[in-house]
Amino acid sequence: MHSLPEWTDLRFFLELARAGTLSGASRRLDVEHTTVARRIDRLEQQLGTTLFDRSREGYELTEMGQALLPHAEAMEGAALAATEQLGGAEVAAAGVVRLGVPEVFGTRVVAPLLVKLFEDHPDLSIDLLALPRFANLANREADLGVMLDPPSTGRYMVTRLASFRFYLYAAPVYLAKHPPIRTHADLERHDFVDYVQDRLASRELSYLNELGFTPRRRLCCSGMTAQIEAASLGMGLMMAPPYAVPDDGRLVPVLPGFYAERSFWLAAPTDLYRLRRVKVVWDLLRDLADNNPKLWWHNGDMGRAA
């Protein structure tokens, strides 16, 4: 019978599985990369199996490594929960939570919520990953994340955060210089601002395809922040959810009856979801979604999608 591995070696295993390289794991663990390699070699010897395939590109889990992964994650979650409980954090959330959110949603919606959160939990810190893509929960880039595509495999807590709608907007200066837009057919004569099509973070962001024709994309950007600025300067029409549009008159609705509907999902690894600090942030986002309908759709829309 092989000897039981040490928990510290399993920590090295987890970080290497998430980072994919010795250098990436060493940065996460704040040790030399040779230490990571030595710990992994020792763990494989103890277990009598190969956990990683080595290549020039990095380290990839073998079938046995994949089998070990959920057990190591469960041990990590139990260790985190025990540390949190013994530290008295079951009442007041404490520690750091890494929250991955879309860039505009994070900047315009989530960041302002943190003022009250920090007042209620003075020992809590947030690493807000406001990205032009969606955080990778599989490699623990974030503790929880808001995304368009929920995880389909692995051990996660997942909930539909909100259904929302992308509407058409344009700058008054653009509308003044171009043909009027009275019907859907009029849109074919106009320019659009959109995402770079071969850099989409999700297929769900290809909402302009629902126009029914190939739009004339005058400017494509990798993120919505740049799209908003470009459309505000009159470079073309754009589609965006209400929460993303500045309330300063630079963009106004166009054909409010047309929209593309999508859903945000909230997800966290099951072991991290049990932690008080993660659950506090989870509940904050759920409360936000449930009680702020104006973020998601125009006032004239009938009801909220389930």
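The points below go from the whole chain to individual ring pairs.

1. Basis of the note. This is a predicted model, in which local features need pLDDT of at least 70 and side-chain atom pairs count only at pLDDT 80 or more, while totals for chains, interfaces and linings use all residues. Residues are numbered from 1 along each chain as its sequence is written, and side-chain values use heavy atoms, with hydrogens and water left out.

2. Overall build. The protein has 9 helices and 10 strands, where helices (H or I, at least four residues) and strands (E, at least two) are DSSP runs numbered from the N terminus. Along the principal axes, its C-alpha atoms fill a box of roughly 80 × 45 × 30 Å. With contact taken as heavy atoms within 4.5 Å, 73% of the contacts between residues at least 6 apart in sequence join residues at least 24 apart.

3. Burial. Of the 306 residues, 48% count as buried, a term that stands for under 20% relative accessible area with a 1.4 Å probe and protein chains only.

4. Aromatic pairs in general. A search of the whole structure finds 17 aromatic pairs; rings of Phe, Tyr and Trp (its six-membered ring) pair if their centres lie within 6.5 Å, with planes under 30 degrees apart counted as stacked, over 60 as edge-to-face and the rest as tilted.

5. A stacked pair. The ring centres of Phe166 and Tyr207 are 4.1 Å apart and their planes lie at 25 degrees, so this pair is stacked. It links distant parts of the chain, 41 residues apart, since Phe166 belongs to strand S6 (residues 156–170) and Tyr207 to the loop between strand S7 (191–195) and strand S8 (216–221). Phe166 counts as buried at 3% relative accessibility, and Tyr207 is likewise buried, at 0%.

6. An edge-to-face pair. Tyr243 and Trp296 are 6.0 Å apart centre to centre, with 75 degrees between the planes. Tyr243 lies in the loop between strand S9 (238–240) and strand S10 (252–269), whereas Trp296 lies in the segment after helix H9 (276–291), 53 residues apart. Both Tyr243 and Trp296 are buried.

7. The cluster and a charge over a ring. Ring pairs join Phe105, Phe164, Phe166, Tyr195, Tyr207, Tyr243, Phe264 and Trp296 into a cluster. Arg165 lies over the face of Tyr259, at 4.0 Å from the ring centre, the criterion being NZ of Lys or CZ of Arg within 6 Å of the ring centre and within 35 degrees of the ring normal.

Notes. Buried means under 20% relative accessible area, exposed over 50%, partly exposed in between (1.4 Å probe, protein chains only).
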